[in-house]
Amino acid sequence: MNLALVGLLAGMALGFAGYFGGFAAFLLVAVLGAVGFVVGRLIEGDIELGDLGELLRGRDRRR
């Protein structure tokens with residue numbers, strides 16, 4: 001099992017533990033799962049912080 005999957009599962013488990021039930025819980029689990037996935041990928045070295053910043057800002061910022 002790779003670290004990204006472990007991070008995803010940890011984020012989802014924290015979401016279920018923090019708050020269980022309803023649409024708000026669904027959003028919380030989705031966000032924590034995504035954060036756990038990204039942290040796992042960062043630890044594995046599959047992505048770098050610069051790549052993540054470009055993704056958030058948009059790649060086409062040339063002037």
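Q: What does the secondary structure of the protein come to?
A: The protein has 3 helices and 0 strands. Keep in mind that this is a predicted model.

Q: And which pattern does the protein follow along the sequence?
A: Reading along the sequence gives α-α-α.

Q: How much of the protein is buried?
A: Buried residues are 16% of the 63 residues.

Q: What about the accessible surface, how much is there and what share is carbon and sulfur?
A: The protein exposes about 5,000 Å² of accessible surface. Carbon and sulfur atoms account for 66% of that area.

Q: Which residues form the nonpolar patch on the surface?
A: The patch consists of Met1, Leu3, Leu5, Val6, Leu9, Met12, Phe16, Phe20, Val31, Val35, Val39 and Ile43.

Q: Which elements give two or more residues to it?
A: Helix 1, residues 3–18, and helix 2, residues 22–44.

Q: Which one gives the most?
A: Helix 1 does, with 6 residues.

Q: What does Met1 touch?
A: Leaving aside residues up to four places away in sequence, Met1 touches Val6 and Leu9.

Q: Which residues of helix 1 are buried?
A: Ala4, Gly7, Gly11 and Gly15. They lie on the same side of helix 1, because they cover an arc of only 75 degrees around the axis.

Q: Now Gly33. Which helix is that in?
A: Gly33 is in helix 2.

Q: Is Gly33 buried or exposed?
A: Gly33 is buried, because its relative accessible area is 3%. The cut-off for buried is under 20%.

Q: Which residues does Gly33 touch?
A: Not counting residues up to four places away in sequence, Gly33 touches Leu8, Gly11 and Met12. Gly11 is one of the buried residues of helix 1.

Q: How far apart are Gly33 and Leu5?
A: In sequence, Gly33 and Leu5 are 28 residues apart. In space, C-alpha to C-alpha, the distance is 9.5 Å.

Q: What share of the contacts joins residues 24 or more positions apart?
A: Such pairs make up 45% of the contacts with a separation of 6 or more.

Q: Where is Leu27?
A: Leu27 is in helix 2. With a relative accessible area of 41%, Leu27 is partly exposed.

Q: How far are the C-alpha atoms of Leu27 and Gly15 from each other?
A: They are separated by 8.9 Å. Along the chain, Leu27 and Gly15 are 12 residues apart. Gly15 is one of the buried residues of helix 1.

Q: Switching to charges. How many salt bridges does the structure hold?
A: The structure holds 1 salt bridge. Asp46 pairs with Arg41, and their closest N and O atoms are 3.0 Å apart.

Q: How accessible is Asp46?
A: Asp46 counts as partly exposed, at 43% relative accessibility.

Q: And Arg41?
A: Arg41 is partly exposed, with a relative accessible area of 29%.

Notes. Residues are numbered from 1 along each chain as its sequence is written. This is a predicted model: local features need pLDDT of at least 70, side-chain atom pairs count only at pLDDT 80 or more; totals for chains, interfaces and linings use all residues. Side-chain values use heavy atoms; hydrogens and water are left out. Patches are made of residues with over 30% relative accessible area and no salt bridge: like charges are joined within 9 Å, nonpolar side chains (Val, Leu, Ile, Met, Phe, Trp, Tyr) within 5 Å. Accessible areas come from the Shrake-Rupley method with a 1.4 Å probe; for residues, only the protein chains shown count as cover. A salt bridge is a side-chain nitrogen of Lys or Arg within 4 Å of a carboxyl oxygen of Asp or Glu. Helices (H or I, at least four residues) and strands (E, at least two) are DSSP runs, numbered from the N terminus. Buried means under 20% relative accessible area, exposed over 50%, partly exposed in between (1.4 Å probe, protein chains only). Contact means heavy atoms within 4.5 Å. The arc is that of the directions from the helix axis to the C-beta atoms.
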